[in-house]
Amino acid sequence: MTQRHILLPLSAHCSKNTDFHLTGRFQKRKRRGFCRREIGGYLIEEVRDLLFFLEQEQQTLQNSRLQWEQELKLFADLAHLYIKLKTITKLSTKHRHLLASVDLFLCAESSMYSAVSHLLRRRLGDAESVTRRAIEETATAYRLFKHPNLLEVYRDAYPISKDSSSSDWRPSEQYRQAFASGKLFSEPPEFWSELKIDYAMFSVMAVHAGLGTITKLVTTDTMRTMPLFEPDDKNIYRTWYHFCSIYSSLLKVFVHILRGAGNNDMIRLLEDEIVSWHNRASALLEKRAPWIAESTKARWAEQGKNRFE
């Protein structure tokens with residue numbers, strides 16, 4: 001498993017004069033793209049060869065497609081339901097108020113594809129980061145659908161001056177107030193309650209540079225290491241089904257938003273297909289990962305039988 005090593009304290013048996021590059025273990029690592037250098041009282045081991053990392057990532061992707069073939073197929077079926085919603089949505093001039101929400105639907109779909117790609121590469125932090133964005137994209141789309149008067153505030157969220165200004169790329173006060181997380185996840189609050197927790201958790205663990213981002217670092221012997229790929233299969237399993245729950249919930253929000261721009265009979269058929277997909281996903285969860293906490297299963301089952309209202 002490829003790892004990136006940082007801030008290695010010198011152990012008692014290693015003096016500052018030791019030439020680490022000439023020892024057998026370190027020399028082998030150097031040949032594989034690693035090198036070590038001293039800074040003050042610390043030894044830093046770094047991955048210098050990006051191509052070596054990319055080779056390992058490609059191998060990880062190939063292995064994952066075999067190991068989680070059933071979960072990947074499940075997600076591919078869910079992605080097909082996203083595509084089906086696009087095909088039955090017919091926009092006209094009377095749907096101008098939906099254009100921003102439709103754009104965000106396409107963004108959320110793209111985020112889902114990125115999340116699956118990262119997950120197959122065992123890059124959980126990256127997968128969680130784009131999933132947080134997908135949740136925000138969906139919540140914003142619904143807020144714009146419910147409150148079309150906010151469209152102008154949304155479009156002017158980041159005013160840019162003609163001359164470079166320190167205020168550029170800062171959200172306007174109107175946007176900050178109208179699209180604060182407390183408002184994004186407030187309608188209806190019972191539907192967003194779990195997704196709001198997911199959003200906050202991914203913010204801490206995968207987006208912001210707080211303590212959550214360094215929890216994945218581990219100490220082995222005298223080394224402080226950051227695994228480049230998630231080593232625990234159980235964490236991968238848990239994330240597959242967690243993401244299935246999240247992205248199927250987001251799809252139901254967009255079905256609700258676009259209901260008026262599609263054929264009613266086809267929308268109902270799509271909702272039936274979503275329920276059928278949930279049932280298959282629940283059965284696969286029981287078969288492949290029965291050790292997942294009962295609370296997770298309960299959430300999964302509840303979302304499978306309710307549509308967004």
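Guide: Axes here are lines fitted to C-alpha atoms, for helices over the stretch in contact, and angles run from 0 to 180 degrees between N-to-C directions. The model is predicted, so local features need pLDDT of at least 70, side-chain atom pairs count only at pLDDT 80 or more, and totals for chains, interfaces and linings use all residues. Residues are numbered from 1 along each chain as its sequence is written, and side-chain values use heavy atoms, with hydrogens and water left out.

Visitor: Why are H3 and H11 called roughly antiparallel?

Guide: Their angle is about 170°, with the axes 11 Å apart. Angles over 145 degrees count as roughly antiparallel. H3 and H11 are therefore roughly antiparallel to each other.

Visitor: Which residues of H3 and H11 meet?

Guide: Contact means heavy atoms within 4.5 Å. Among them, Leu74, Leu78 and Leu85 in H3 meet residues of H11 including Ile274 and Trp277.

Visitor: How do you know whether Ser111 is buried or exposed?

Guide: Buried means under 20% relative accessible area, exposed over 50%, partly exposed in between (1.4 Å probe, protein chains only). Ser111 has 0%, so Ser111 is buried. Ser111 sits in helix H4.

Visitor: What makes the pairing of the Ser111 and Glu137 side chains a polar contact?

Guide: The distance is 3.2 Å. A polar contact is a pair of N or O atoms within 3.5 Å; within protein, one must be able to donate a hydrogen and the other to accept it, and residues adjacent in sequence count only if both atoms are side-chain atoms. The Ser111 and Glu137 side chains make such a contact.

Conventions
Helices (H or I, at least four residues) and strands (E, at least two) are DSSP runs, numbered from the N terminus. Angles under 35 degrees count as roughly parallel, over 145 as roughly antiparallel, 65 to 115 as roughly perpendicular and the rest as oblique.
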